[in-house]
Amino acid sequence: MGVGIEVKNLNAWYGQTHSLVDINLNMPANHATALIGPSGCGKSTFVRCLNRMHETNPIARATGSVRMGDIDVYKDASPVEIRRRIGMVFQRPNPFPTMSIYDNVASGLKLNGFRNRRIMDEVVERSLRGSALWDEVKDDLRKKSGASLSGGQQQRLCIARALAVEPEVLLMDEPASALDPVSTSKIEDLIFNLKSQYTIVIVTHNMQQAARVAENTGFFLNGRMVEFDSTHKIFTNPSDKRTEDYITGRFG
Amino acid sequence: MTETQQSGKLNSVLRSMANHTATGLAVASTILVVAPLLAIFGYLLYKGASSLNFDFFTKLPVPIGETGGGMANAIVGSAIVLGLGSMLGIPVGIASGVYLAEFGRGKLLANMVRFTADVLNGVPSIVMGISIYALIVLREKHFSAFAGGAVLGIMMIPTITRTTEEMLLTVPNVVREAALGLGVPNWRAVTSVMLRTASPGIITGCMLAFARVAGETAPLLFTAFGNEFWPKSLNQPIAALPLQIYTYAISPYDDQHRLAWAGALVLIILIMVSVTLVRYVTSHGVMKGAR
Ligand SMILES: Nc1ncnc2c1ncn2[C@@H]1O[C@H](COP(=O)(O)OP(=O)(O)OP(=O)(O)O)[C@@H](O)[C@H]1O
Ligand SMILES: [Mg+2]
């Protein structure tokens with residue numbers, strides 16, 4: 001089961017750059033939340049703050065509180081534990097280049113000491129099916145490296161890798177930006193199905209995609225969250241003029 | 001023909017000339033690199049191959065004046081000293097390379113380590129030999145395989161340290177992020193993902209260091225010293241191929257000169273074989289990633 005995420009007064013910096021300003025947001029369990037906004041507005045920074053990837057950058061800093069269910073992400077647990085429970089698909093596909101396809105998917109389990117081969121085989125197949133990649137790679141699971149796949153295949157491999165560790169929350173930073181329409185719709189179906197088990201936060205530049213998969217949508221602009229509401233409301237009747245300008249393509 | 005057409009044609013002639021020149025230069029430099037290697041190897045074959053026989057690999061050296069005999073003890077001795085050296089040099093070199101690349105960014109200690117490694121790389125091997133002689137041999141009051149291994153190991157460290165550091169730095173940051181994002185502890189991400197991704201380059205560095213010290217003679221004169229007999233203990237003077245080659249090469253006897261040539265040939269072949277073998281074995285399980 002997924003758990004909800006509650007963000008209060010989140011601020012984030014890169015050195016002197018104040019990239020997120022006072023973000024307050026509730027992402028309910030087993031729902032998909034879409035984040036939209038022009039390039040550079042802080043969407044990636046925001047999702048990276050949720051699973052504490054932000055702090056892996058030596059110049060980065062964050063304040064405020066993030067709660068996942070009833071634990072405080074920044075106080076009650078180690079970053080390692082948080083990242084295991086909040087999985088992430090990065091904006092740029094980043095498979096492990098020297099590992100086979102199989103090892104890439106199994107890496108989260110293997111690197112955490114899991115050894116059971118039979119279960120691992122099952123998890124790898126289920127995860128690859130989940131990310132709509134299984135049919136394309138099932139014959140070269142151990143023969144090909146993660147880096148030998150096409151960009152879109154690599155992204156689906158990364159999705160499978162994130163699914164394999166069975167997190168409670170899944171953060172997806174523009175997971176479909178490198179995909180063709182067919183795999184994009186497969187990923188969207190996947191997100192739709194995953195909602196029964198996970199809470200999903202998806203960054204996207206594609207508004208139709210947000211409309212298709214997410215119940216709620218947040219609009220970011222210049223490091224602030226301008227508006228957060230049901231996706232339907234955001235796209236049909238936004239309360240903020242800037243949101244309306246953005247979704248109608250008047251700027252952005 | 002109009003003027004632009006003409007100049008277009010001229011351009012393409014010039015371009016193809018430049019192209020041919022560049023290719024020619026590349027081929028010429030390749031030949032320049034490969035030629036000395038082939039020349040040396042060919043000459044060694046010519047001088048040494050005729051003295052190679054079964055005895056060479058199985059028999060001990062014979063006293064001066066007698067013919068025959070071999071360098072079996074020196075081959076084994078070299079393997080032992082190089083093995084000891086690798087056991088010291090490879091782990092220490094890789095560990096300090098990992099420290100430099102992953103944990104010591106911008107720290108004073110790291111800068112000192114890096115500087116020391118670079119200086120150490122430039123210290124003449126004979127100076128290394130004398131230092132280990134003073135530090136180990138004089139204190140223990142005898143030459144030994146350990147002392148030989150120590151000097152070769154220390155000589156391997158700087159190359160391995162610096163290649164490990166550089167190879168780790170070429171691993172894209174997104175690979176580290178991928179591992180951390182899966183909830184893998186940092187140390188695990190470094191040892192299992194970063195090192196593994198960089199491993200082809202690191203192995204090359206280790207092999208370079210190994211091949212470089214495998215032929216070292218001067219530092220072994222002060223440490224391993226050489227021995228006419230089979231190695232019995234790591235705490236005694238031990239034979240090594242470069243030492244035996246050196247002894248035979250400066251002797252006045254033709255017989256020993258021939259053995260020296262054969263020894264040099266064997267040394268080169270053994271280095272090539274071990275480098276190839278290590279490469280083959282370690283490349284298993286590490287896939288080539290198209291970058
Ligand atoms: N590693 C970094 N170092 C310094 N500044 C950064 C870094 N990453 C992001 N920033 C800054 O933080 C701000 C937000 O960047 P972020 O990557 O979160 O934007 P984004 O909304 O994800 O954009 P895009 O849609 O292009 O991915 C930008 O102004 C950017 O310049
Ligand atoms: Mg982004």
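**Close-up 1. A:Asn222 in the loop between β9 and β10 of chain A.** In this predicted model, A:Asn222 is placed in the loop between strand β9 and β10 (224-230) of chain A. The residue has a positive phi of about 50°, although it is not a glycine. A:Asn222 counts as exposed because its relative accessibility is 62%, and exposed residues are those over 50%.

**Close-up 2. A:Arg52, a residue other than glycine with a positive phi.** The phi of A:Arg52 is near 60°. A:Arg52 is found in the loop between α1 and β4 (60-68) of chain A. Is A:Arg52 buried or exposed? With a relative accessible area of 10%, A:Arg52 is buried, since the word applies to residues under 20%.

**Close-up 3. The protein donors of the magnesium ion (ligand 2).** Which residues provide the protein donors of the magnesium ion? They are A:Ser44, through its atom OG, and A:Gln91, through its atom OE1, and they lie 1.9 to 2.2 Å from the ion. The pair links distant parts of the chain: A:Ser44 belongs to helix α1 (residues 43-50) of chain A, whereas A:Gln91 sits in the loop between β6 (86-89) and α3 (101-111) of chain A, 47 residues apart. A:Ser44 has a relative accessibility of 22% and therefore counts as partly exposed. A:Gln91 is also partly exposed, with a relative accessible area of 35%.

**Close-up 4. The shell of residues around ligand 1.** Ligand 1 is surrounded by 14 residues, of which the closest are A:Ser39, A:Gly40, A:Lys43, A:Ser44 and A:Thr45. Which element contributes the largest share of this shell? It is α1(A), with three residues. By type, the residues of the shell divide into nine polar, three nonpolar and two charged.

**Close-up 5. Polar side-chain atoms beside ligand 1.** A polar side-chain atom of A:Ser19 lies 3.0 Å from an oxygen atom of ligand 1. In the side chain of A:Thr45, an N or O atom is 2.5 Å from an oxygen atom of ligand 1. The side chain of A:Asn57 has an N or O atom at 3.2 Å from a nitrogen atom of the ligand. On its own, ligand 1 has 630 Å² of accessible area, and the protein covers 65% of that area.

**Close-up 6. The aromatic pair of A:Phe46 and A:Phe220.** Over all chains, the structure holds eight aromatic pairs. In the pair formed by A:Phe46 and A:Phe220, the ring centres are 5.3 Å apart and the planes stand at 55°, so the pair is tilted. A:Phe46 lies in helix α1 of chain A and A:Phe220 in strand β9 (residues 216-221) of chain A, so the pair ties together parts that are 174 residues apart in sequence. Both A:Phe46 and A:Phe220 are buried.

**Close-up 7. The aromatic pair of B:Tyr43 and B:Trp261.** These two residues form an edge-to-face pair, with 5.4 Å from centre to centre and 85° between the planes. What parts of chain B does the pair tie together? B:Tyr43 lies in helix α1 (residues 3-48) and B:Trp261 in helix α11 (residues 254-283), so the parts joined are 218 residues apart in sequence. B:Tyr43 counts as partly exposed because its relative accessibility is 41%. B:Trp261 has a relative accessible area of 29% and is likewise partly exposed.

**Close-up 8. An aromatic cluster in chain B.** One aromatic cluster is formed by B:Tyr133, B:Phe143, B:Phe222 and B:Phe225.

**Close-up 9. B:Ala147 in helix α6 of chain B.** Helix α6 (residues 145-170) of chain B contains B:Ala147. This residue counts as buried because its relative accessibility is 0%. From C-alpha to C-alpha, B:Ala147 and B:Ser131 are 11 Å apart in space, and they are 16 residues apart in sequence.

**Close-up 10. A:Glu166 in the loop between α6 and β7 of chain A.** A:Glu166 is found between α6 (151-164) and β7 (169-173) of chain A, in the loop that joins them. Its relative accessible area of 47% means that A:Glu166 is partly exposed. How many residues separate A:Glu166 and A:Asn216 in sequence? They are 50 residues apart in sequence and 23 Å apart in space, C-alpha to C-alpha.

Conventions. Residues are numbered from 1 along each chain as its sequence is written. Chains are lettered from A and ligands numbered from 1 in the order in which they are written. This is a predicted model: local features need pLDDT of at least 70, side-chain atom pairs count only at pLDDT 80 or more; totals for chains, interfaces and linings use all residues. Side-chain values use heavy atoms; hydrogens and water are left out. Donors are N, O and S atoms within 2.8 Å of the metal (3.2 Å for Na, K and Ca); water is not among the atoms, so sites may look incomplete. Helices (H or I, at least four residues) and strands (E, at least two) are DSSP runs, numbered from the N terminus. Buried means under 20% relative accessible area, exposed over 50%, partly exposed in between (1.4 Å probe, protein chains only). A residue is near a molecule or strand if one of its heavy atoms lies within 4 Å of it. A polar contact is a pair of N or O atoms within 3.5 Å; within protein, one must be able to donate a hydrogen and the other to accept it, and residues adjacent in sequence count only if both atoms are side-chain atoms. Accessible areas come from the Shrake-Rupley method with a 1.4 Å probe; for residues, only the protein chains shown count as cover. Ala, Val, Leu, Ile, Met, Phe, Trp, Tyr, Cys and Pro count as nonpolar, Asp, Glu, Lys and Arg as charged, and the others, Gly among them, as polar. Rings of Phe, Tyr and Trp (its six-membered ring) pair if their centres lie within 6.5 Å; planes under 30 degrees apart count as stacked, over 60 as edge-to-face and the rest as tilted.
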